[in-house]
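Student: I'd like a close look at the aromatic rings in this structure. Could you walk me through how they sit together?

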Amino acid sequence: DYIHHHQQEELKEKGEKVLDGYYLLNCAKLDDPNDICSVDISNQGLTSAKEDDFDLFTNLFHINAAENNLKLECLSSFPMVREIQFQFNGLSKVKLSPGHFPFLDTLDLSYNQITHSGILNIGLIERLRVLVLTANEIKTLPSNMAYPAVDGDKQVFKT
């Protein structure tokens with residue numbers, strides 16, 4: 001705990017506010033990551049994430065991470081997340097790999113700066129059913145967004 005606290009203090013001095021397991025437990029006012037099923041970390045000024053212990057949050061299904069400055073991929077280590085609110089994060093491009101967000105079915109990316117080419121990898125989220133893109137810089141969706149290009153057995157990302 002001392003080492004973690006010291007690292008957090010160093011990051012605060014650099015102007016970074018880090019999302020990590022301790023931060024989530026503190027927000028939820030709980031001691032066991034398994035007890036958290038929903039968390040609201042919106043408008044906290046979060047700028048980065050330390051994903052090492054996110055896999056311990058096995059019952060976390062809903063994350064409201066709106067109004068921060070995070071990257072969407074930093075939330076991909078939560079094993080069971082099904083719904084993410086990610087409005088107002090200054091996101092311009094979604095960078096994902098196959099296997100990210102295996103259970104995600106609802107994603108709200110409203111009010112970011114996502115462009116036509118920056119949204120292509122959303123097609124890698126296999127169970128996604130609801131995607132909200134209100135007030136982004138997208139005039140049309142890429143025709144191949146739902147089917148990421150495949151070259152043999154290897155994914156090819158054209159972004």
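Student: Before we zoom in, what percentage of the 159 residues in the chain do buried residues make up?

Tutor: Happy to take you through it, starting with your number: buried residues account for 39% of the 159 residues in the chain. Please keep in mind that this is a predicted model. Its pLDDT averages 87 over the chain, and 82% of the residues score at least 70. One stretch to read with care is residues 154–159, where the pLDDT is below 50. That stretch still has 18 contacts in the model beyond near neighbours in sequence.

For orientation, the chain has two helices and nine strands. Along the sequence they come in the order α-β-α-β-β-β-β-β-β-β-β.

Now to the rings. There are three aromatic pairs in the structure. One of them joins Phe54 and Phe78: the ring centres are 4.2 Å apart and the planes meet at 15°, which is under 30 degrees, so this pair counts as stacked. As for where the partners come from, Phe54 belongs to the loop between strand 3 (48–49) and strand 4 (62–64), while Phe78 belongs to the loop between strand 4 and strand 5 (83–85). The pair therefore ties together parts that lie 24 residues apart in sequence. Phe54 and Phe78 are both buried.

Phe78 has another partner, Phe57. Here the ring centres are 6.0 Å apart and the planes are at 75°, which is over 60, so the pair of Phe57 and Phe78 is edge-to-face. Phe57 sits in the loop between strand 3 and strand 4, and Phe78 in the loop between strand 4 and strand 5, so this pair ties together parts 21 residues apart in sequence.

How covered are these side chains? Phe57 has a relative accessibility of 1%, and because buried means under 20%, Phe57 counts as buried. Phe78 is buried too, with a relative accessible area of 1%.

Putting the pieces together, ring pairs link Phe54, Phe57 and Phe78 into a cluster. Phe78 stacks with Phe54 and meets Phe57 edge-to-face.

Stepping back to the whole chain, consider the contacts between residues at least 6 apart in sequence: 41% of them join residues at least 24 apart.

Technical notes. Residues are numbered from 1 along each chain as its sequence is written. This is a predicted model: local features need pLDDT of at least 70, side-chain atom pairs count only at pLDDT 80 or more; totals for chains, interfaces and linings use all residues. Side-chain values use heavy atoms; hydrogens and water are left out. Rings of Phe, Tyr and Trp (its six-membered ring) pair if their centres lie within 6.5 Å; planes under 30 degrees apart count as stacked, over 60 as edge-to-face and the rest as tilted. Helices (H or I, at least four residues) and strands (E, at least two) are DSSP runs, numbered from the N terminus. Buried means under 20% relative accessible area, exposed over 50%, partly exposed in between (1.4 Å probe, protein chains only). pLDDT is the predictor's confidence in each residue, from 0 to 100. Contact means heavy atoms within 4.5 Å.
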